[in-house]
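Please have the sequence and the structure open beside you.

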Amino acid sequence: MFSNAILKARTNLKVLIVDDDFLMGEFLGLQIEALGCRATVVESGAEALGILKQGEVHLLVSDWQMPGMDGMELVAEARRLTSSDSHLHIAMMTARGEEKVMRAAMGAGVDDFLFKPVQSVELELVVASAARNRLLHHRLKRRNAQLAMEHRRATEALERVRADLKAATALHERLLPDFDRSGVLRLAHLYRPAAMLGGDSIGAAPLRGEGLLFFLIDVRGHGVPAALDSFHLHHRIKQLRPKSAPDLGRAMATINREICDRADDSYATIACGLIFPEKEEGWIVCAGHPPPLLMDGAAVTQISGGRAMPVGWFDDAAYTPVRFPFPPGARLVLYSDGITETMNASGDQFGDERLEQTLAASAGQPLRQFAKALTENLQAHLPSQAYEDDISMLAIEHACLENQS
């Protein structure tokens, strides 16, 4: 099949023959035309250059010794005239055994040699080489054009994906609590996804009266699949909208069964709770999530109760909320394990103790400075590396009535 392609390429081959011996040039022209090529014969390098400037030539056959411009000069000038997009195969006629001449000719840009007296089989080999190189050159140009088109398509597809990811990121950010006060409750959050999209989600929704539903979700994995799961869970919790401790347990159990029914490897850890500032109390359940921290001034304690399995592990898992006191001045902090497990170049984790120390040190600051202080400490711990896990934190404060203005 390749030989047939060579034969087809040879029939369209344009050959320029340069020889100051008119009869020799005409003889070569007849031989080349007998091979199916189109031949043009000239007697000088200057004539050859004029033809090269005017149109496409695929094969240049030149004698070495010619009056005026010799073969070496012609080859050098032909290479200078030939664009990088075109392919010109050059064969030089010379006597056998002239090794120095052949080396110089190759340096000038000669591809093949014909030895005088020129044998028909040598000429046929030169024509076949020129046809093959022309065919390969055309195939390469076509392949490059195809690659350029595929690259353009891939670039356009990548830009569309980036635009979609950017829109999804904006949507995820819009899910974050956009208020810092809900009645006597104030909120602050920290959210830093490891990738453009993360599997963490933070939510808070005021209930009728003075209550607040809040949650922090950490879905297994990163990127788009985890983000889609966190979107779903975020809206599902708000849809179930528990308003009491029993509602909260039932809502978590429902979410757990729904994930288990999917029969895939998805799961999530969730800290979800309710705060009733009038009663100065809250309820929380931690489905595999790190225990929340309760602050009274600079004192930081863990809420150890309300622990349960992550949602999506066991369809019969029980979720029983635990009550915690939440008087005026108290602060509740939910956080993902991406904070405590953040590891620096030395292999040291940020850790629970450092987190509690950071929170205690910022206890006297306004809540808005709370997340900023934690961010600065994380950056000091990990100054030049990207986070390997999503970072999320939700802080809720029961503000004193006299401090609401």
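Which backbone nitrogen does a side-chain oxygen of Asp70 reach at the start of H4? That of Met72, to within 3.2 Å. Such a polar contact is a pair of N or O atoms within 3.5 Å, where within protein one must be able to donate a hydrogen and the other to accept it, and residues adjacent in sequence count only if both atoms are side-chain atoms.

A word on the ground rules: this is a predicted model, in which local features need pLDDT of at least 70, side-chain atom pairs count only at pLDDT 80 or more, and totals for chains, interfaces and linings use all residues. Residues are numbered from 1 along each chain as its sequence is written, and side-chain values use heavy atoms, with hydrogens and water left out. Helices (H or I, at least four residues) and strands (E, at least two) are DSSP runs, numbered from the N terminus.

H4 spans residues 71-81, and its buried residues are Gly71, Met72, Leu74, Val75 and Ala78. Here buried means under 20% relative accessible area, exposed over 50%, and partly exposed in between (1.4 Å probe, protein chains only). Viewed down the axis of H4, the buried residues fall within an arc of 160°, so they line one face of the helix; the arc is that of the directions from the helix axis to the C-beta atoms. Their cover includes strands E1 (14-18), E3 (59-63) and E4 (89-94), along with helices H3 (45-54) and H5 (99-108).

An open sheet of 5 strands runs in the order E2-E1-E3-E4-E5, with parallel pairing. Two strands pair if DSSP finds at least two bridges between them. E2 (38-42) and E5 (112-115) are at the edges with a single partner strand each, so one side of each has no neighbour in the sheet. E4 and E5 run parallel and are joined by 4 bridges, and Met93 stands opposite Leu114 in E5.

H4 lies across E1, E3 and E4, at about 175° to E4, while H3 lies across E1 and E2, at about 160° to E1. Axes are lines fitted to C-alpha atoms, for helices over the stretch in contact (heavy atoms within 4.5 Å); angles run from 0 to 180 degrees between N-to-C directions.

**The cores**

A nonpolar core is a set of buried Ala, Val, Leu, Ile, Met, Phe, Trp, Tyr and Cys residues joined through side-chain atoms within 4.5 Å. In the largest one, with 24 residues, Ile270, Cys272, Val311 and Tyr319 touch the most other members. Apart from it lies another core of 22 residues, including Leu52, Leu88, Val101 and Phe115.

**His398**

His398 belongs to strand E17 (residues 391-398) and counts as buried because its relative accessibility is 5%. A polar atom of its side chain lies 3.4 Å from the backbone oxygen of Pro327. Beyond its neighbours within four places in sequence, His398 contacts Phe326, Pro328 and Glu280, among others.

**Backbone details**

The peptide bond from Lys116 to Pro117 is cis, with omega near -5°, and Pro117 sits in the loop between E5 and helix H6 (120-175).
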